[in-house]
Amino acid sequence: MTPTPLRSIASKLPAGMLYGGDYNPEQWPEAVWSEDVRLMREAGVNLVSVAIFSWAKLEPRPGDYDFGWLDRVIDLLWTEKISVCLATATASPPAWLSRAHPESLPVDVNGTRLSPGSRQHYCPNSRAYRAGGRRLIGELARRYAAHPAVALWHVNNEIGCHTHECFCEVCAADFRTWLRARYDTLEELNESWGTAFWSQAYGEWAEILPPRKMPTFRNPGQVLDYARFMSDALCDLLAGEVAAIRLVAPEAKVTTNGMVFHRPADYHRWYREVDIAAWDSYPDPAGGIDEVQAAAFTHDLFRGLRGGQPFMLMEQATTQVNWRATNALKPPGQMRAISFAAVARGADAVMFFQWRAARAGAEKFHSAMVPHFGTEGSRVFREVCALGAELKKLTGVCGARVPARVALLVSWENRWALEVESKPMAFDYAAMIRSYYGALWDLNVAVDVVHPDAPLEAYAVVVAPALYQLTRGQAESLRAFAQRGGALVMSYFSGVVDEREHIWLGGSPGLLQDVLGLAVEEWQPLPAGESNALVVAGRTEPVACKIFCELLHLRGAEALATYAHGFFAGRAAITTHRFGAGEAIYVATEPDRTWLTTLMSDVLERHGVKAPVVAAPGVEAVVRVGEGMEFLFLINHRAELAMVELGEWSGRDLVSDQACTGTLSLEPYGVRVISRARDREVSAVPRLPQASAV
Ligand SMILES: [Zn+2]
């Protein structure tokens, strides 16, 4: 595992951890700018994202460009050696564009054309929007690509955040073109979509429409293909902007900021188009450990999008956001803890939305690095400056990798298919994944979040929650993984359909029945508030289970737990099956999280995967490995003292410069980054132990 500092990808980036935020100087008189730059210097800022929402300012009338103000801003920043992540400025088209091209406005599922006046008011396939954006990008690239301050390009902004689908006539025509590329013939499309059902057969391509509002359930194949098409359309928009930059500046390095596990956007595909992965993280400060875990999952996901190389935390809030019903603040220390948690999982940039809190507009109550209150005596600005100073001490961490022996398989394709309407129940894929991810987080075991098509040779344990859509290739890969000695963990409603939404006949998990040693005949979805229970071998108390209970036929698997209630009481609910040199565990229901953590702990132990240290609940422990050095990140996410047994770990804390050994007491929201020399190389392919009898 070779360390990959972001500077080795984009050589104009500053050395060390990147620190800063979105900078929107166009919202302020120029007199404020010099104070901004002075305060940035004080806060340790070395990178700012500029011009994200500046189209109307840069091109006030069609073809009439005004770059003077941006020239002055970038030059001023560079006097203090503050680098710029320059946006393509296309996130919010100007009023003149939608007036001249009303067809560029998006149309929702009900056929309503949306109005300008907020942001992201464009159809992703609009030719006028795309062409206008590319013209502006060309001008920006010609003027600024060679500027020493411009280190990176920020392509568009949170693409697909609000407008992630459009149902206009342009999209309808483009959808038909997309379908003709996917299906050789109309007969093939009819077969794939199952149009023999409900008399839906198409006789001509022109008859096919986007899945707009319909009397009842829409055709699942059509809905799934439209999700694929819209994700591709948004990705094509991204790729088009990247191409417009590189047409002028072929060496330019680019990123774009994604959002969580955003349903409409297949980031596995999107992030092939850019050089660096980046995302915007806004965990609810009042949401407790669940929110911390959701953010950690997304860090692991984004690290995986570019093969494990470091990513950028492109946006977060210093304290409050403005868009929840109730917007909690971050108490002293929490912003720091959340920031270090990102760095622990591979972020080499900690950035905020935004530098100076806006005094007008829809986001004026969104916190910023410089609050409305001002900087003098400000708790928020004090914490911003302290974090900037601490991150400077982590230069040696830059580029370090996060080695993991556990893979969690996640795909957007699977999510779209699973969440198409008309299922045994309304599934929430993100929640189904979070149970398993949360258990692994609680155990402080490093996880790679990867696509089900990813190579699995490097892993000892593979967890595939709700892998509803299973392709032949994925089934072969999972079979080979277990055969070689790995532990495969799968959960309910897996292996149900192929990539066309056609059922694998004979019972789920379809092509993996032999690997798991079972077949599912029936299932019982449980309404919210209802539960069943599990009788677990060797345990006197039953374990609650909820959401879904599958009824299994065992074909070689052994039961680890059985259902306690209902006509299927006594039948297997959790099973294990020896397969080749490995084992395959099946969890046919949603067990209580505490017990699920115990189950996962047993599997990990059998396969030689363990946490780096023993820590109190709520403490995150993650190891990053660099060139000859390794770094143990410890983050206490609770507002109370927490103990950590360091065991064999000892070294110097990069933050406090104190030696750490033995038992450590972490203050509320406390962090440590314990560094030590590394005398052994990380094996890219861990040895897989033989599975022991359960
Ligand atoms: Zn459209």
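Tutor: The domain bounds used here come from an automatic or database domain assignment. The model itself is predicted. That assignment divides the chain into domain 1 (169-222), domain 2 (406-606) and domain 3 (614-677).

Taken over C-alpha atoms, the centres of domain 1 and domain 2 are 33 Å apart. Contact between them involves 6 residues of domain 1 and 6 residues of domain 2. About 590 Å² is buried between the two domains, and carbon and sulfur atoms contribute 49% of that area. On the domain 1 side, the greatest losses of area to domain 2 fall on Ser192, Phe217 and Pro220, which together account for 63% of what that side buries. The rule finds 2 salt bridges across this interface. As for individual charged pairs, the side chains of arginine 218 and glutamate 421 form a salt bridge, at 3.6 Å from N to O.

A zinc site comes next. The zinc ion has as its protein donors the SG atoms of Cys123, Cys166, Cys168 and Cys171, at 2.2 to 2.3 Å. The arrangement is tetrahedral because the 4 donor atoms subtend angles of 97 to 114° around the ion. The donor residues follow the spacing C-x42-C-x1-C-x2-C in sequence. Cysteine 123 belongs to the loop between helix H5 (95-100) and helix H6 (127-144), and cysteine 168 to the loop between strand S4 (150-154) and helix H7 (169-182), so this pair ties together parts that are 45 residues apart in sequence. Cysteine 123 and cysteine 168 are both buried.

The loop between H5 and H6 also holds glutamine 120. Although not a glycine, glutamine 120 has a positive phi of about 55°, and with a relative accessible area of 3% this residue is buried. Tryptophan 198 likewise has a positive phi, near 55°, and is found in the loop between helix H8 (186-193) and helix H9 (220-248).

Two peptide bonds also deserve mention. The bond joining serine 508 and proline 509 is cis, with omega about 0°; proline 509 is in the loop between strand S12 (487-491) and H17. Glutamine 513 lies in helix H17 (residues 513-516) and counts as buried because its relative accessibility is 18%. Neighbours within four places in sequence aside, the contacts of glutamine 513 include Ser508 and Arg555. The other cis bond runs from phenylalanine 353 to glutamine 354, with omega near -5°, and glutamine 354 is in the loop between strand S8 (347-352) and helix H13 (379-391).

Key
Residues are numbered from 1 along each chain as its sequence is written. This is a predicted model: local features need pLDDT of at least 70, side-chain atom pairs count only at pLDDT 80 or more; totals for chains, interfaces and linings use all residues. Side-chain values use heavy atoms; hydrogens and water are left out. Donors are N, O and S atoms within 2.8 Å of the metal (3.2 Å for Na, K and Ca); water is not among the atoms, so sites may look incomplete. Four donors count as tetrahedral if all angles lie between 85 and 135 degrees; four count as square planar and six as octahedral if opposite donors are over 155 degrees apart and all others between 65 and 115; anything else is irregular. Helices (H or I, at least four residues) and strands (E, at least two) are DSSP runs, numbered from the N terminus. Buried means under 20% relative accessible area, exposed over 50%, partly exposed in between (1.4 Å probe, protein chains only). Contact means heavy atoms within 4.5 Å. Buried area is the accessible area (1.4 Å probe) that two parts lose on being put together, summed over both. A salt bridge is a side-chain nitrogen of Lys or Arg within 4 Å of a carboxyl oxygen of Asp or Glu.
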